[in-house]
Amino acid sequence: MDSLVQPQWSPLFRTDTQQSAAESGWYPPVEGFLFPTSGHRGGNFLPKELSLPALREAAAGCKGCHLWKLGTQTVFGEGPESAGVMFVGEQPGDQEDRAGKPFVGPAGRLLDKALAEAGIDRSATYMTNAVKHFKWQERGKRRIHQKPTWAEITACRPWLEAELAVVHPRVLVLLGATAAQSLLGREFRVTQNRRTLVESSLAEAVTATIHPSAILRGEPEQKETEFAEFADDLRFVASLF
């Protein structure tokens, strides 16, 4: 880690509007960190005080995009403000939406199993999502997950940026394409960057891996192999702190 030379990390005070991953290999925030008072959709809902309790309370009333009409409630991040590692997924699922907590459904339980195998204490991590409301479509009596649009991801990004500013994790782990592309640019490919460090000003160490839900959706005969690879990714994460 001592050999890494990172740009100065200055949350909430970046105004970059271009990402240059293809040219330089460095992945800055797509639209940069924004002032809380900016006109950016979710930005108008951010509290003046940047603390996890204040952010959580403010996010409960966020109407920055239409997804608040679909979700039962805002599902904000969870974990200690002093967490050394932050995990970011796509969005809450059905069980998370009902419980109001991130990663408590099937994908969360699979993540817990992989964390245990990697020797990472979940209670010492901060868990959150790029999008804070559950986007779903009714199918019979079931609520089926729908992938968020880029506009919905962008509308929710001020909350994620604020979480990063408050927690300031040493290690940032992006789970799946939505989380990775929301912060590293739409050209970023998770499958090409597993178990590698991405040069970024977001944290001292930034890496990406698949979302555990991808294992659940995969072919049954491949699940054991895919889980083993996912656990190896988290062992790499554990080696960073």
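**Exercise 1.** State which helices and strands each supply at least two residues of the lining of the largest pocket, and describe that pocket.

*Solution.* The model is a predicted one.
- Step 1: The elements that each give at least two lining residues are the helices α3 (94-99), α4 (106-118), α6 (177-184) and α7 (212-217), together with strand β4 (142-145).
- Step 2: In total, 33 residues line the largest pocket, and Ala107, His145, His211, Ser213 and Arg217 lie nearest its centre.
- Step 3: Sorted by class, this lining has twelve nonpolar, twelve polar and nine charged residues.
- Step 4: The volume of the largest pocket is about 870 Å³.

**Exercise 2.** How many cavities of 30 Å³ or more are there, and what lines the largest cavity?

*Solution.* 
- Step 1: The count is two cavities at that cut-off.
- Step 2: The largest cavity has a volume of about 90 Å³.
- Step 3: Its lining consists of 15 residues, with Cys62, Gly64, Cys65, His133 and Cys156 nearest the centre.
- Step 4: Helix α5 (residues 150-167) contributes the largest share of this lining, four residues.

**Exercise 3.** Describe the lining of the second largest cavity by residue, element and class.

*Solution.* 
- Step 1: The second largest cavity, with a volume of about 30 Å³, is lined by Arg195, Thr207, Ala208, Thr209, Asp233, Phe236 and Val237.
- Step 2: Two or more of the lining residues come from each of β6 (205-209) and α8 (223-238).
- Step 3: By class, three are nonpolar, two polar and two charged.

Terms used: Residues numbered from 1 in each chain as written. Predicted model: local features only at pLDDT ≥ 70, side-chain atom pairs only at ≥ 80, totals over all residues. Heavy atoms only, no water. 1 Å grid on protein atoms, 1.4 Å probe; cavity = no way out; pocket = protein on both sides within 12 Å on 5 of 7 lines; lining within 4 Å. Points joined across faces, edges and corners; volume = space filled by probe spheres on them. Nonpolar A, V, L, I, M, F, W, Y, C, P; charged D, E, K, R; others polar.
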